[in-house]
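Below are my notes as numbered points, to be read with the model open beside them.

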Amino acid sequence: MRKSEAGELIKQAYNAWDAEEWLTAAGLFEQVLAHYADEEESAVWWYDAALAHKFLRNWAKAYELGREAAARAPRGEGDPAYWNLGIAATIQRDWATAREAWAGFGIELPEGDGEIQARFGPACVRLDTGGEREVVWIDRLCPTRGRVVNVPASGGRRYGEIVVHDGEPKGRRVVDGREYPVFDELLLFEASDLPTLEVTVHAGDAADLEALIDLFAEQGYGAEPASSMELLCTCCSEGTHEQERSVHAGAQTVSLAAPEEEARRLLERWAGEAETGRSWSGLAAVAQDAEGQP
């Protein structure tokens, strides 16, 4: 392939890119890279080809091309080639490559081998279940994975599942003056076996409801009062939103994440710890469709 022909294909690739025709763009980049893998401009072409496959959710190709892009990127300078490789390697469960990618980006991980189980702090993820979009809180296990610590309202989603999220924040949540990023979900990485239940509770005051939430949390389960949910438009959700945890007294629906017998036992315990003001009724499982695994 002559360089003039390669230049024309690269031009076509970027025209396809501008039209968000990712498969066409990636194919054109790959045609050129088969002949010009190590030109001065090739590092950008490897990166863009890998990124196009990331947009297509073709993680095997994003991983394959991402390795080439990262091999040509400067280390320790926050180059996005390493970040995208870290995501793709995580999804492929190639932990050695993922660790190497995060180090190449400039992120320090705890010592060790295998699956990354670190503490990167709280953040939010916008779940995408094919129509429903819901922002939930996560505990970040690595730069791109987090465990869901809310009981999601979206069908098929569960407390405790692990999701892979993108690296660019699409919104912020401000709690007590501190900002937390909102990332978009890329896929469900590991499902949770905790079922979702609903129950009607009566709490004499807000402290009673907080006690119920804390009791379930102490046992590794979840409790999400309806009064803590907030509906936002897309613009507000993807902007910076100040959020307060607000629970109210009175009767309301609470979503629970726990085995049914355990939930019943904890509800009885909660109700019995106060002489008045606490009761519950109508505990039932929520029907959910299973989500696919990567």
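1. Accessible areas here come from the Shrake-Rupley method with a 1.4 Å probe, and for residues only the protein chains shown count as cover. On that basis the accessible surface of the protein comes to about 14,700 Å². Carbon and sulfur atoms account for 46% of that surface.

2. A word on what we are looking at: this is a predicted model, in which local features need pLDDT of at least 70 and side-chain atom pairs count only at pLDDT 80 or more, while totals for chains, interfaces and linings use all residues. Residues are numbered from 1 along each chain as its sequence is written, and side-chain values use heavy atoms, with hydrogens and water left out.

3. Now the overall picture. The protein has 9 helices and 11 strands; these are DSSP runs numbered from the N terminus, with helices being H or I of at least four residues and strands being E of at least two. Its C-alpha trace spans about 85 × 40 × 35 Å along the principal axes. Of the 294 residues, 46% are buried, where buried means under 20% relative accessible area, exposed over 50%, and partly exposed in between (1.4 Å probe, protein chains only). Contact means heavy atoms within 4.5 Å. Among contacts between residues at least 6 apart in sequence, 59% join residues at least 24 apart.

4. Have a look at the open sheet of 4 strands, whose order is β8-β10-β7-β11 with antiparallel pairing. Its edge strands are β8 (222-225) and β11 (278-285), each of which pairs on one side only. From one strand to the next, the twist averages 25°. Two strands are taken to pair if DSSP finds at least two bridges between them. How many bridges join β7 to β10? There are 8, linking residues 196-203 of β7 with residues 250-257 of β10 in an antiparallel arrangement.

5. Helix α9 (residues 260-272) lies across β7, β10 and β11, and runs at about 170° to β11. For these angles, axes are lines fitted to C-alpha atoms, for helices over the stretch in contact, and values run from 0 to 180 degrees between N-to-C directions.

6. Is A25 buried or exposed? A25 is buried, with a relative accessible area of 0%. This alanine sits in helix α2 (residues 22-33). Leaving aside neighbours within four places in sequence, A25 is in contact with A13, A16 and W17.

7. On to the cysteines. The structure holds 0 disulfides, a disulfide being a pair of cysteine sulfur atoms within 2.5 Å. C124 counts as buried at 1% relative accessibility. C142 is in no disulfide, and its nearest cysteine sulfur, that of C124, is 17 Å away. C142 is also buried, with a relative accessible area of 0%.

8. There are 20 salt bridges in the structure, each defined as a side-chain nitrogen of Lys or Arg within 4 Å of a carboxyl oxygen of Asp or Glu. One of them pairs E185 with R157, whose closest N and O atoms are 2.7 Å apart. E185 lies in strand β6 (residues 178-190) and R157 in the loop between β3 (145-148) and β4 (162-165), so this pair ties together parts that are 28 residues apart in sequence. E185 is buried at 9% relative accessibility, and R157 is buried at 1%.

9. K170 and D184 form another salt bridge, at 3.8 Å from N to O. Because K170 is in the loop between β4 and β5 (172-175) and D184 is in strand β6, the pair ties together parts that are 14 residues apart in sequence. K170 is partly exposed at 34% relative accessibility, whereas D184 is buried at 18%. Salt bridges that share partners join R126, D128, R133, K170 and D184 into one network.

10. One further pair to check is R269 and E273, whose side chains meet in a salt bridge at 3.3 Å, N to O. R269 counts as partly exposed, at 36% relative accessibility.
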